[in-house]
Amino acid sequence: MSLPRPIARAAKRILYAGSALECPVCQLSFRKFLPSTPHQRPDARCPACDAVERDRLTITFLRDRTDLFDGRPKRFLHIAPEPLMAKIFRRAAGEAGYLSGDLFSPRAMEKMDITDIHHPDASFDVVYCSHVLEHVPDDRKAMREFCRVLKPDGWAILNVPITAEVTDEDPSITDPQERLRRFGQTDHVRRYGPDYADRLRESGFEVNVFKVLDVVDAERAAKIGIEKDLERSVFFCRRGSSAEA
């Protein structure tokens with residue numbers, strides 16, 4: 001019989017206690033991290049909060065490079081809310097300003113099709129969407145919607161996995177096993193390459209791409225367990241001048 005999750009996490013904090021590694025999400029230290037599931041990457045998952053590499057990079061970026069944690073209330077749109085990140089974002093934005101949306105997830109506050117967002121122009125100070133667009137057939141329409149609902153002085157983080165030299169997609173592929181072979185998961189409709197940033201720009205955004213070593217130095221990357229994937233990126237977006245017109 002498995003232990004209740006809070007007890008299991010408390011036991012892991014004790015079992016993995018140490019100072020070799022640090023999780024910037026829960027801000028606790030450990031002698032090692034856990035392997036990820038299901039891919040079994042070593043030293044990937046925080047024993048206390050379950051944050052994986054992309055979570056630790058993103059939270060570090062948000063704390064060091066944005067105004068999210070400055071104490072001022074914000075209108076925050078969180079797509080496909082991950083429970084861990086949702087708690088952090090809700091506290092940072094303020095209870096009244098936080099909104100999560102998803103087409104299918106029961107965890108989301110609002111059922112939302114990101115290609116047709118039912119909110120007025122310039123509704124949100126922040127839009128956060130991580131590892132979602134690779135599932136969306138009309139990703140460009142979703143990008144344009146994110147740009148539309150973002151305030152002129154707001155910002156968005158629209159992260160995707162970059163797993164190809166150039167973006168590879170074929171809308172005619174609907175068989176799950178062929179999608180697995182071609183795109184890496186049965187529910188992916190494409191693999192993105194670095195030209196993903198160009199799609200964002202074509203949709204009205206100004207885009208800055210931050211790799212791991214743009215966010216932290218090598219020593220800090222090792223300390224928070226993200227040094228094994230230095231090409232991992234944060235896509236930081238603002239509305240371009242044409243979108244503001």
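Student: Which residues does Thr167 touch, not counting residues up to four places away in sequence?

Tutor: Bear in mind that this is a predicted model. A contact list of this kind leaves out the sequence neighbours, and here Thr167 touches Arg190, Arg191, Tyr192, Gly193, Asp195, Tyr196 and Arg199. Thr167 itself lies in the loop between strand 7 (150–159) and strand 8 (168–169).

Student: Is Thr167 buried or exposed?

Tutor: The general idea is a cut-off on relative accessible area, with buried meaning under 20%. Thr167 has 15% relative accessibility and therefore counts as buried.

Student: Turning to the nonpolar core, which residues of the largest one touch the most other members?

Tutor: A core is read as a set of buried nonpolar residues joined through side-chain atoms. The largest one here has 35 residues, of which Cys23, Phe76, Phe89 and Ile157 touch the most other members. Among the elements that give two or more residues to this core are strand 1 (17–23), helix 2 (53–65), strand 7 and strand 11 (233–239), while helix 3 gives the most, with six residues.

Student: Which residues is Phe89 in contact with, leaving aside its neighbours within four places in sequence?

Tutor: Phe89 is in contact with Ile59, Leu62, Leu68, Phe76, His78, Tyr98 and Tyr128.

Definitions and conventions. Residues are numbered from 1 along each chain as its sequence is written. This is a predicted model: local features need pLDDT of at least 70, side-chain atom pairs count only at pLDDT 80 or more; totals for chains, interfaces and linings use all residues. Side-chain values use heavy atoms; hydrogens and water are left out. Helices (H or I, at least four residues) and strands (E, at least two) are DSSP runs, numbered from the N terminus. Buried means under 20% relative accessible area, exposed over 50%, partly exposed in between (1.4 Å probe, protein chains only). Contact means heavy atoms within 4.5 Å. A nonpolar core is a set of buried Ala, Val, Leu, Ile, Met, Phe, Trp, Tyr and Cys residues joined through side-chain atoms within 4.5 Å.
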